[in-house]
Amino acid sequence: MAVLVTGGAGYIGAHAVLALLDAGEAVVVLDDLSTGVRPMVPEGVPLVVGDVANSALVTRVVGEHGVKEVMHFAAKIVVPESVADPLGYYDANTMKTRALLAAALAAGVERFVFSSTAAVYGEPDLAIIDEDAPPAPINPYGRSKLMSEWMIRDAAAAHGLDYAILRYFNVAGADPKGRAGQSATNATHLIKVASQAALGLRPALSIYGTDYATPDGTCLRDYIQVTDLADAHLAALRNLRERGGRHTFNCGYGRGASVREVVETVKRISGIDFPVAEAPRRAGDPAALVADATRIRETLAWEPRFADLDTIVAQALAWERRLGNGAEPVRATG
Ligand SMILES: NC(=O)c1ccc[n+]([C@@H]2O[C@H](COP(=O)([O-])OP(=O)(O)OC[C@H]3O[C@@H](n4cnc5c(N)ncnc54)[C@H](O)[C@@H]3O)[C@@H](O)[C@H]2O)c1
Ligand SMILES: O=c1ccn([C@@H]2O[C@H](COP(=O)(O)OP(=O)(O)O[C@H]3O[C@H](CO)[C@H](O)[C@H](O)[C@H]3O)[C@@H](O)[C@H]2O)c(=O)[nH]1
């Protein structure tokens with residue numbers, strides 16, 4: 001019986017695959033390789049190249065691998081792209097999740113773990129957000145994910161599915177053993193971009209907005225290390241197996257780091273003083289997004305192992321060095 005991981009050739013999905021393998025689970029990956037890369041799927045793990053909306057394919061994979069559980073990571077994830085191409089995002093994220101859900105339910109899947117996002121909260125009044133805060137996404141990406149959450153809830157109520165919806169805050173870092181990391185070439189995420197600037201792969205870094213109502217004027221984010229996040233998926237799956245249920249969990253540490261703090265940390269850890277420019281605010285950036293992570297800690301007994309910003313940055317730099325050297329991501333061995 002294998003766990004079906006959609007998007008398992010992508011950044012977070014690949015780390016979830018490693019966490020599952022490390023825990024002795026069988027895995028099958030379904031990925032269309034639109035942003036994911038084949039070498040991120042470890043040796044020995046079946047990779048089915050295809051679309052999650054291909055119902056016949058999903059039915060076949062579920063049947064052939066005895067799948068009862070799905071972790072659904074596959075999506076488009078770039079916020080500005082979602083503003084430029086909203087219908088593309090509603091198709092990729094909402095409609096394809098609907099198709100996957102329908103095929104999975106018809107084929108007998110019992111447990112579903114879904115990648116959602118803090119973007120469902122929009123620009124909250126409160127700096128620290130719990131799961132009961134009213135969702136109010138401010139871009140098509142966030143709305144495409146919120147609609148998926150609603151579909152999962154409704155389908156679960158009607159068809160008896162157990163699920164965990166995980167709302168990630170800012171995901172960063174890399175596998176501590178160096179087996180995986182963020183490999184996208186056009187990434188926009190702060191820690192990735194700053195690491196590239198430190199290694200000379202970008203000429204400079206811009207800080208978007210220095211006049212926010214935060215201690216140093218730059219935005220605060222809750223950076224969660226990707227292996228800790230993968231462990232949270234495993235804990236959520238085990239909880240569903242043991243107790244069933246329907247859950248929504250914030251995934252973060254409950255503390256914010258400012259853009260300036262991140263930049264200083266990357267400079268200190270790398271030992272490189274790269275150029276930094278102060279730029280206007282980026283559209284749609286809330287001043288502060290920090291998770292109240294009480295629920296996931298209490299319900300799943302989830303204990304982060306890599307919550308220190310220095311550690312996260314060191315991992316991101318190590319991974320970037322490996323990619324910067326022109327090496328393919330290492331083919332992981334699990
Ligand atoms: N990276 C973050 O900070 C962040 C934050 C919040 C939520 N998320 C969510 O986490 C999930 C994974 O994000 P990521 O950062 O690993 O992105 P990613 O782009 O690295 O991974 C997405 C993977 O899904 C695959 N994929 C996309 N559409 C597909 C389809 N129709 N059929 C099959 N495969 C498909 C891609 O090839 C890729 O391997 C997404 O659902 C994203 O919305 C990410
Ligand atoms: O070159 C850069 C890149 C980012 N930033 C700033 O750094 C902070 C973090 O930005 P990221 O792009 O790293 O992350 P976001 O907070 O914009 O978005 C992340 O969190 C969102 C939830 O709100 C979504 O889940 C989204 O997918 C995920 O990337 C923001 O204040 C941004 O303005 C800069 O100053 N310069």
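This is a predicted model: local features need pLDDT of at least 70, side-chain atom pairs count only at pLDDT 80 or more; totals for chains, interfaces and linings use all residues.

Trainee: Which residues come nearest to ligand 1?
Mentor: Of the 28 residues around ligand 1, the nearest are I12, D31, T35, Y141 and K145, where a residue counts as near if one of its heavy atoms lies within 4 Å.

Trainee: And what does the side chain of K145 do there?
Mentor: An N or O atom in the K145 side chain lies 2.6 Å from an oxygen atom of ligand 1, and a polar backbone atom of F73 is 2.8 Å from an oxygen atom of ligand 1. The protein covers 94% of the 830 Å² of accessible area that ligand 1 has on its own, with areas taken from the Shrake-Rupley method with a 1.4 Å probe.

Trainee: Which element gives the most to that shell?
Mentor: That is β5, with three residues, although α1 (11-22) and α5 (140-159) also each supply at least two; helices (H or I, at least four residues) and strands (E, at least two) are DSSP runs, numbered from the N terminus.

Trainee: Switching to ligand 2, what sits around it?
Mentor: There are 20 residues around ligand 2, and T117, H189, S206, R282 and D285 come nearest. A polar backbone atom of S206 lies 2.7 Å from a nitrogen atom of ligand 2, while an N or O atom in the side chain of R221 is 2.8 Å from an oxygen atom of ligand 2. Taken alone, ligand 2 exposes 680 Å², of which the protein buries 90%.

Trainee: Which elements give two or more residues to the shell around ligand 2?
Mentor: Those are α6 and β9 (205-208), and β9 gives the most, with three residues.

Trainee: How does α6 cross α8?
Mentor: The axes of α6 (residues 190-198) and α8 (residues 259-270) come within 10 Å and cross at roughly 40°, the axes being lines fitted to C-alpha atoms over the stretch in contact, with angles from 0 to 180 degrees between N-to-C directions.

Trainee: Which residues meet there?
Mentor: L190, I191, A194, S195 and A198 in α6 meet V259, V262, V266 and S270 in α8, with contact meaning heavy atoms within 4.5 Å.

Technical notes. Residues are numbered from 1 along each chain as its sequence is written. Chains are lettered from A and ligands numbered from 1 in the order in which they are written. Side-chain values use heavy atoms; hydrogens and water are left out. A polar contact is a pair of N or O atoms within 3.5 Å; within protein, one must be able to donate a hydrogen and the other to accept it, and residues adjacent in sequence count only if both atoms are side-chain atoms.
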